[in-house]
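Student: Please take one part of this model and walk me through its side-chain pairs and packing. Keep it brisk.

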Amino acid sequence: MKSVIFAAAVASAAAFAPAQTGKATTSLNAFENELGAQPPLGFYDPFGMLDDADQDRFDRLRYVEIKHGRISQLAFLGQITTRAGYHLPGAIDGAGDQFADFPNGFAAIGGPDSIPGAGTGQILFFIGALEIFVMKDSANGAAPGDFVGDFRNGYIDFGWDNFDEETKLQKRAVELNNGRAAMMGILGLMVHEQLGGSVPIVGEL
C-alpha cells in the first residue's frame with residue numbers, strides 16, 4: 001500500500017513540473033480563457049492532455065476534475081471530522097457495534113478492526129446507485145445542465161437561478177479551486193497515514 005501511495009504522490013508532484021515551452025499547441029488558444037485558467041498559473045497543462053483537443057474532450061476532463069474535486073472535499077472533511085472524535089451516532093450493524101468503535105482512515109476498511117465486509121459492500125452499492133441514478137449529466141441521459149458538472153437535473157436549486165452570471169462564475173471558480181486543493185490535501189493525508197506521525201489540525205495518523 002505504501003508503494004502505491006508513494007507512486008501517486010510522485011505523479012502528483014510531477015504535475016507541478018514546468019511545462020515545455022518549445023512546442024506551441026492549439027489548446028492554449030482554445031482554452032486559455034476557460035473557467036479555472038486563472039492566476040497564478042493561468043492555463044496549465046504540463047502533460048499536454050489538451051493538445052489538439054476539441055471542446056468535447058475539454059468538457060470530459062473538466063467533468064472528471066469537478067467530480068474528483070467534490071469527492072476529495074468530502075474525503076478530506078471526513079478525515080478531519082472523524083479524527084477530531086466526531087462519528088455518526090448509533091450502531092453500524094445488527095450486533096450493536098457503534099460507528100465510533102471502528103478506526104479512522106484506511107484502517108476502517110482494510111485493517112484488522114475494519115468494518116464488516118457486508119458494510120463495505122453497502123457503501124459500494126450506495127456509491128454505485130449515486131453514479132447511475134443521481135450524479136448524471138446530459139451525456140448520461142440527464143437533461144442538459146447549465147454547465148459541465150451541473151447535477152441538479154431539475155430537482156435541486158438552493159437559489160442558484162437567482163444569481164447573476166458573474167456570481168455564478170465566481171462560485172464555480174471557488175468550487176473548482178477548493179476541489180483542486182482538496183485533491184492534494186487528501187492525497188497528502190493518505191501518504192502521511194502510511195508514514196505515520198502527527199499532522200497539524202488533523203492530529204495523530
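Tutor: Start with Glu-131 and Lys-67, whose side chains join in a salt bridge (a side-chain nitrogen of Lys or Arg within 4 Å of a carboxyl oxygen of Asp or Glu). The N to O distance is 2.9 Å. Glu-131 sits in helix α5, residues 117-134, while Lys-67 belongs to helix α3. This pair links distant parts of the chain, 64 residues apart. Helices here are DSSP runs of H or I with at least four residues, numbered from the N terminus. Glu-131 is partly exposed, with a relative accessibility of 34%. Lys-67 is buried, at 12%. On this scale buried is under 20% relative accessible area, exposed is over 50%, and partly exposed lies in between (1.4 Å probe, protein chains only).

A word on the source: this is a predicted model, in which local features need pLDDT of at least 70, side-chain atom pairs need pLDDT 80 or more, and totals for chains, interfaces and linings use all residues. Side-chain values use heavy atoms, leaving out hydrogens and water, and residues are numbered from 1 along each chain.

The structure holds 6 salt bridges. Stay on α3 for the next ones. Arg-62 and Glu-65 form a salt bridge through their side chains, at 3.1 Å from N to O. Both lie in helix α3, residues 55-83, and they are 3 residues apart, so about one helical turn separates them. Arg-62 and Glu-65 are both buried. Glu-65 also takes Arg-180 as a salt-bridge partner, with the closest N and O atoms 2.6 Å apart. Arg-180 lies in helix α6, residues 165-195, and Glu-65 in α3, so this pair ties together parts that are 115 residues apart in sequence. Arg-180 counts as partly exposed, at 27% relative accessibility.

Set aside its neighbours within four places in sequence. Arg-62 is then in contact (heavy atoms within 4.5 Å) with Leu-35, Gly-36, Val-148, Leu-176 and Arg-180. Two of these names, Leu-176 and Arg-180, come up again where α3 meets α6.

Next, the packing of those two helices. α3 and α6 pack at an angle of about 50°, and their axes are 7 Å apart. Axes are lines fitted to C-alpha atoms over the stretch in contact, with angles from 0 to 180 degrees between N-to-C directions. On the α3 side, the meeting residues include Arg-62, Glu-65, Ile-66, His-68, Gly-69, Arg-70 and Ser-72.

Last, check the loop between α2 (residues 26-31) and α3, where Pro-40 is found. The peptide bond from Pro-39 to Pro-40 is cis, with omega near 5°. Asp-52 lies in the loop between α2 and α3 as well. Its phi is near 60°, a positive value in a residue other than glycine. Asp-52 is exposed, at 67% relative accessible area.
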